[in-house]
Amino acid sequence: HMKSGRLGTLLVTRSQSPSKYGVAVIDERTGMVKHFVANPQTFMSDVVTAGVYVFSPSIFDKISGAAPSSMEKEVLPSLAAEGQLYSMRLDGYWMNIKKPPDFLMGNALYLEHLSTERPAMLATAEGIEGNVVMDETVQVGEGCLIGPDVAIGRGCVIEDGVRLSHCILLEGARVCAHAVVLNSIVGWRATVGEWTRVEGVSVLGEDVHLGPEIFVNGALILPHKKIDAQVSEPQIIM
């Protein structure tokens with residue numbers, strides 16, 4: 001970014017479905033972005049933004065004012081038209097993880113990468129199955145089976161007899177005794193009650209508390225909710 005001397009730099013990669021993203025037409029010799037279009041309806045290029053931007057402080061002159069500005073629909077196209085937008089190519093693996101199933105898949109792929117490149121980062125203890133990463137502050141009870149493809153954040157508590165597989169627990173989450181969490185995401189400081197089963201790409205928002213002995217399947221539960229009833233069909237709980 002500093003070398004180009006321009007206002008902005010994009011991290012870009014190639015995609016087989018470019019119309020889903022912001023697309024950049026790039027001068028391959030210099031790296032300058034000649035055109036930028038968000039979600040184009042006709043093919044322009046297979047080079048898309050990887051979601052990482054670097055800007056000089058003067059970018060705030062471009063987005064000042066009371067009205068909100070869209071980065072991909074207004075700011076980046078304007079910078080490209082002015083010759084103020086450059087690119088850096090990402091040659092490694094990239095995927096979009098903004099949807100829960102993709103987030104879980106991305107987690108599994110990252111853990112697989114760690115298993116070959118940085119195996120010391122993975123948890124190895126009784127009751128660990130496959131690729132699992134957990135913060136050193138995590139408390140795990142007796143008789144648990146954890147893995148594969150599980151990530152557990154700082155300060156989480158896993159009580160006795162818990163089963164975790166293909167899931168992500170964010171900071172401060174608690175899974176109570178004999179509960180099961182499969183293919184789901186448990187948010188910050190959320191609680192899964194005793195003998196409760198969570199599956200089907202459920203997402204528990206921050207400070208969500210599930211009662212004991214219930215079944216939650218494919219639910220998207222917004223923050224600060226207490227659920228004591230069965231959720232057998234996928235739905236959004238507001």
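These points concern a predicted model of one protein chain.

1. Domains. The protein chain is split into domain 1, residues 2–89, and domain 2, residues 100–236. Taken over C-alpha atoms, the centres of domain 1 and domain 2 are separated by 36 Å.

2. Annotated span. An unreviewed UniProt entry carries the annotation "domain: Mannose-1-phosphate guanyltransferase C-terminal" for residues 128–237. In the model, residues 128–237 are 41% strand and 0% helix.

3. Disulfides. The count of disulfides is 0, where a pair of cysteine sulfur atoms would have to be within 2.5 Å.

4. Cys144 has 11% relative accessibility and counts as buried. Cys167 is also buried, and its relative accessible area is 0%.

5. Val201. This residue sits in the loop that runs between strand E17 (197–199) and strand E18 (203–204). Is Val201 buried, exposed or partly exposed? Val201 is partly exposed, with a relative accessibility of 30%.

6. Surroundings of Val201. Apart from neighbours within four places in sequence, Val201 is in contact with Pro100, Pro101, Leu104, Asn183, Ser184, Gly218 and Ala219. Ala123 lies 78 residues from Val201 in sequence, and the C-alpha atoms of Ala123 and Val201 are 23 Å apart in space.

How values were computed: Residues are numbered from 1 along each chain as its sequence is written. This is a predicted model: local features need pLDDT of at least 70, side-chain atom pairs count only at pLDDT 80 or more; totals for chains, interfaces and linings use all residues. Side-chain values use heavy atoms; hydrogens and water are left out. Domain bounds come from an automatic or database domain assignment. UniProt positions are given in the numbering used here, feature names are shortened, and annotations may be inferred rather than shown by experiment. Helices (H or I, at least four residues) and strands (E, at least two) are DSSP runs, numbered from the N terminus. Buried means under 20% relative accessible area, exposed over 50%, partly exposed in between (1.4 Å probe, protein chains only). Contact means heavy atoms within 4.5 Å.
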